[in-house]
Amino acid sequence: MSPADAARIFAKLKVVDKPSTHHVTGWLVVEGRRVLPLHYSRGRKDMHGRVAHLFRKSLHVTPAEYADLVSCPLSREKYLELLRERGILT
Amino acid sequence: MSATALTPTPVVLIVEDNRRALDLRLEAFSDAGFTAIGAQSVDAAMREMRSGPAVDVVVTDIRLDDSKPEDKSGVDLARHIKANYRDMPVAGYSAVFGDSDVEGDRDVFDSVWPKGSNVIAQIDEIIAKCLDYALVTRKDRHETAFVVHDRLLRRHEQTYPDIELMRELSPGGDPAAARNDSALGEAGYRLKLVEAKGNGLAQPVIVWLLDTGDGIDAEVYGQPALYAHGATDTLAIASVVELMRLYAAEIGPDSMEAVGPALSLTEFLRDRLHATDD
């Protein structure tokens, strides 16, 4: 899992982001409301330690769903549907 | 936080300008089970107070400069310690000043052994008294630490540093039952309090730290969205604090409505980065 993968997920989910020197912070915004805070650190290498795992957790998805997010099958609409099922988004 | 993580022996700081006299006292206190630290001047003593392990009791000679017959810088040191380290017991002794000489200074000392006391002959009495002082200081410090720790934990009852890990720790059981600090501690997590002062915070923040082999992961207690990696504890924590600032910079009175995890983070940041009436 690299920062580029995280950037692709941000783009796919239309995360409203704000890059800074070291981090890219953002919010998943749905119907004008902030729902999830999401972020990743800049860099070329893969994420250190368990950061990739923590990034997945912040998205509230399982490893399989996360893989789908990275590799494309899971769209923003389907992702929002998952969040509704989990009570994150009402 | 556990008692076993704290220094097991009482710590005494002995301030004596005469090297030989200092060594004798260090040896006597060490033999009695203390961790004994020595300093030969007021400045050195204050350095030890600031940077050494938690001192439980201070024992100081009253005259710390033999070249000045009237020197009573030990009294000044005691006053300074009392002003800056509330409830720190300070014992004084002197081979120069008698009872009447120190009468006006007794208020800054918890005990004084003036000239004629024969400090070496009474060393056992002094050590016993200092041990009493040290144990009270240690007990008070522990109680204060636990009260502060518990208060902070009560404010953030829920924490999700790693749901999957907690489920692994309680196979077949209630995941909530595993949601406790000791289980995470066994899994290698460490709790650390990030002081408000020096970090630009309005209130302290607790973080979970995990050594991942290639550095340290830091997660803010109760805020799973606030995590970062760093080569050391300090760098990981600094990165988390920077994240808090970045998010907080986007939260203003006119910012868009926040719900769910975003609302939780918004409220947390307002609480931690801005002074409250609390």
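The model is predicted.

Start with chain A. Four helices and three strands make up its elements. Read from the N terminus, their order is α-β-β-β-α-α-α. Chain A has 90 residues, and 33% of them count as buried. Take the contacts in chain A with a separation of 6 or more: 32% of these join residues 24 or more positions apart.

Strand E2 spans residues 23-30 and pairs with E3(A) in the antiparallel sense, over eight bridges. One of the bridges can be traced directly: Val29(A) has Arg34(A) as its partner in E3(A). The two strands form a hairpin, with two residues between them. Within that turn, Glu31(A) has a positive phi of about 50 degrees. How much of strand E3 of chain A is buried? Seven of its nine residues, in the stretch 33-41, are buried, so to speak mostly covered.

Now move to chain B and its open sheet. Five strands take part, in the order E2-E1-E3-E4-E5, and the pairing is parallel. Which strands stand at the edges? They are E2 (35-39) and E5 (111-113) of chain B. Each has a single partner strand, so one side of each is left without a neighbour in the sheet. From one strand to the next, the twist averages 20 degrees. Inside this sheet, E1 (residues 11-15) and E3 (residues 57-61) of chain B pair in the parallel sense over four bridges. Val12(B) is bridged to Val57(B) in E3(B).

Next come two helices of chain B. Two packed helices are described by the angle between their axes and the distance between the axes. For H8(B) and H9(B), the axes come within 10 Å and cross at roughly 110 degrees. The two helices are therefore roughly perpendicular to each other. Which residues meet there? From H8(B) come Met244(B), Tyr247(B) and Ala248(B). Facing them in H9(B) are Leu265(B), Leu269(B), Arg272(B) and Leu273(B). By class, this contact has six nonpolar residues, no polar ones and one charged.

Leaving aside residues up to four places away in sequence, Val240(B) touches Val207(B), Ala218(B), Val220(B), Leu226(B), Tyr227(B) and Ala228(B).

Finally, turn to the contact between the chains. Chain B gives 22 residues, and chain A gives 22 residues. Which elements of chain B give two or more residues to the side that touches chain A? They are strand E8 (216-220), strand E9 (223-230), H8 and helix H9 (260-273). That side of chain B has 12 nonpolar, four polar and six charged residues.

Methods:
Residues numbered from 1 in each chain as written. Chains lettered and ligands numbered in written order. Predicted model: local features only at pLDDT ≥ 70, side-chain atom pairs only at ≥ 80, totals over all residues. Contact = placed C-beta atoms within 7 Å. Nonpolar A, V, L, I, M, F, W, Y, C, P; charged D, E, K, R; others polar. Buried ≥ 20, exposed ≤ 12 C-beta atoms within 10 Å, placed from the backbone. Axes fitted to C-alpha atoms, helices over the stretch in contact; angles between N-to-C directions. Parallel < 35°, antiparallel > 145°, perpendicular 65-115°, else oblique. Pairing = 2+ DSSP bridges.
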